[in-house]
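Okay, thanks for coming, everyone. Let me put the model up and then walk you through a few parts of it.

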Amino acid sequence: MIRYIRDYCRILKYFANTVGNKWQACFDEVLAWRQRHLSDKQFTLLLAFLVGAFAAIAAYILHSLIHCIQSLVMRGIQVESYNWLYLVLPVVGIWLTMLFVKYVVRDNISHGITRILYAISSKRSRLARHNCWSSVVASAITIGFGGSVGAEAPIVLTGSSIASNLGQSFRMNNKTLMLLVGCGAAAAIAGIFKAPIAGLVFTIEVLMIDLTMASISPILIASVTATCFTYVLVGDDKLFSFNLVHPWAVERVPSNILLGVFCGLVSLYFIRMMTACEGVFGRMSNAYSKLAFGGVLLSTLIFIFPSLYGEGYSSINILLDNRTEMVQNRIMENSMFYGGGTYVLLLYLAGVILTKCFATASTNGGGGCGGTFAPSLFIGAFAGFLFARLWNIYNVGPVFPEENAALLGMAGVMSGVMHAPLTGVFLIAELTAGYDLFMPLMIVSVCAYLTILAFEPHSIYGMRLARQGKLITHHTDRSVLTLMTLDTVIEREFVSVDKDMELVQLVHALSKSHSSVLPVLDAAGNLLGEIDLDKLRHIVFRTELYHHFRVSQLMMPPVATLRLGDPMEDVMRAFDEYNTRQLPVMDAEGHLYGYISRSHLLSQYRKMVADMSND
């Protein structure tokens, strides 16, 4: 029996190798044909089209999975009336997601957009293959069961991962890979919201990819393709329904400015509290402790404020409806606040704004998977509506239409949280066809951005990487240094000498070295000092001294040392500070790993600047 099993395994292995070899041969033929008939620019445009199509399909699959799971778990449960199972479902979703990530994915898939920024800055735009599907499954489980997070960041990670792996498969260079990652992110945003311009602007502002005229075309192609595919798959329905009843008037400028400042402060609160909550969960080592703490916190918050259940888009649509009575009656359904008056509504709105960050953090911290894109829109709608209701109650100025304020609040809070005012303007305008509100959208978004910029220099996505010095920026010098890695400029071939060598042996070693600096190592590979030829020229050419000096008498300590993994900005700063030609690089154990020469470093730097500048 065992022999038959072994024979069967050998046959399977043979067929697998045969199919793999044939597939590789076919793929090599495709690559050869591409190189003969298509230029790099043409092929990049083709890949951008494919990325747009795949991202739209991935977004459609994700939302279909969410709706399918919701319909299954909510079957037989009246959402309009409270049910204890309604509280348990989000915790079950977090638990299932945790198990999926732990035993199937076996990798960290949280903070989707942050992972994209990290891949751009530290991994040369290379994302893991499992990101093409793992975030879709994990976020569908989390959100389908009612987790208080959004699906946008996971689908952006999915789109970027599809683009990155397509580019790697076709052996595109690092610059093209970065562009394709931007195409994937733009296509994901465009596909989810049917907003192609917002997708393009999102790539520029949030991913901070510098674009030339040649690189804008692929991103536009990806965005438009994703939007068209989404229309084909889901029809003309929009995510949010908004009818402009009260056009903008210039007398509302003061209220718009104040709303922008308010949204900026709400954004600051959201970022700071999310960071604090992540720190609390990060200090917990046991996964089930995180699940228990996050689950209890989430369930309690949903019990008090049912609007926190799920993405919250239904609540946003209620606020965007221009019938105030509908808001009064429906937004507080299933809660202890139901039936209260205007001031109870204000208390409810304020409570939702204050607790949404805790609900989102407990969902992700407890083991769920989701983004902060939808929560920022959710909080923005509630903040805008609350501001307008207070403005109108106290008759501060001209009447502020509350449905307009909810729309403007969405743009304001998202602009502050993401540090992306243009994304906020175009996304909300395209989402709701509210182009007549372009002026107040710009006022609120810019004011929110300027307000939070005074307190927080980085977005919620970039602040983690900025603390580690791994955030790529629009500053060309910093971008190039971020994209460079220490390992690519280290010269590992060097001639070392022993401290007990005589000068005659040292001269012989110098004749075999291509460098004017020789390290002095002990038997364990520890760096004891350096021999600098330029400082010993008055000795090394005097043969009568060859047996009078030893290396230990001539060596000098290195002016500075570098460590593997040091940021390139620190490397450049060390060369400028010590004005030296070469610096040694030590490994984790403190042994000499190699040398970096100033000339080689600047050569690589100039090459990367030229590559980034070329169209």
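Predicted model: local features only at pLDDT ≥ 70, side-chain atom pairs only at ≥ 80, totals over all residues.

Asn579, for instance, is placed in the loop between α24 (568-578) and β4.

Residues are numbered from 1 along each chain as its sequence is written, and side-chain values use heavy atoms, with hydrogens and water left out.

How confident is the predictor? pLDDT is its confidence in each residue, from 0 to 100. The chain has a mean pLDDT of 80, with 82% of its residues at 70 or more. Confidence is lowest in helix α20 (residues 476-483), with a mean of 59, and highest in helix α18 (residues 438-453), at 93.

On to the overall picture. The chain comes to 25 helices and 5 strands. Of its 615 residues, 52% are buried; buried means under 20% relative accessible area, exposed over 50%, partly exposed in between (1.4 Å probe, protein chains only). Contact, for me, means heavy atoms within 4.5 Å. If you take the contacts between residues at least 6 apart in sequence, 75% join residues at least 24 apart.

Let's start with a helix pair. Helix α2 (residues 40-73) packs with helix α5 (residues 134-144) at an angle of about 35°, and the axes are 8 Å apart. Those axes are lines fitted to C-alpha atoms, for helices over the stretch in contact, and angles run from 0 to 180 degrees between N-to-C directions. On the α2 side we have Ile61, Leu62, Leu65, Ile66, Ile69, Gln70 and Val73, and they meet Val136, Ser139, Ala140, Ile141, Ile143 and Gly144 in α5. That contact divides into 10 nonpolar residues, 3 polar and no charged. (Ala, Val, Leu, Ile, Met, Phe, Trp, Tyr, Cys and Pro count as nonpolar, Asp, Glu, Lys and Arg as charged, and the others, Gly among them, as polar.)

Is α5 mostly covered or mostly open? Mostly covered: 10 of its 11 residues are buried. After α5 comes Gly146, with a positive phi near 105°.

Staying with α2 for a second, Thr44 is in that helix too. Thr44 is buried, at a relative accessible area of 5%. Not counting residues up to four places away in sequence, Thr44 touches Met172, Thr176, Leu179, Leu180 and Pro218.

Cys277 sits in helix α10 (residues 253-282) and counts as buried at 10% relative accessibility. Leave aside neighbours within four places in sequence, and Cys277 is in contact with Phe358 and Ala361. Cys277 and Ala361 are 84 residues apart in sequence, but 6.1 Å apart in space, C-alpha to C-alpha.

Why is strand β1 (residues 517-521) largely enclosed by the rest of the structure? Because 5 of its 5 residues are buried. In a regular strand the side chains alternate between the two faces of the sheet. Here Val517, Pro519 and Leu521 point one way from β1, while Leu518 and Val520 point the other way.

β1 is joined to strand β2 (residues 527-532) by 5 bridges, and they run antiparallel. Strands pair if DSSP finds at least two bridges between them. Leu518 has Ile531 as its bridge partner in β2. The two strands form a hairpin with 5 residues between them, and Gly525 in the turn has a positive phi of about 90°.

Then there's an open sheet of 3 strands, in the order β3-β4-β5, with mixed pairing. β3 (562-563) and β5 (592-597) are at the edges with a single partner strand each, so one side of each is left without a neighbour in the sheet. β4 and β5 run antiparallel, joined by 5 bridges, and Val585 stands opposite Gly594 in β5.

Most residues other than glycine have a negative phi, and most peptide bonds are trans. Lys194 isn't a glycine, yet its phi is positive, about 55°. Lys194 lies in the loop between α7 (174-193) and α8 (196-205), and is buried at 8% relative accessibility. Asn579 has a positive phi as well, near 50°, but Asn579 is exposed, with a relative accessible area of 66%.

Conventions: Helix = DSSP H or I, 4+ residues; strand = E, 2+ residues; numbered from the N terminus. pLDDT = per-residue confidence, 0-100.
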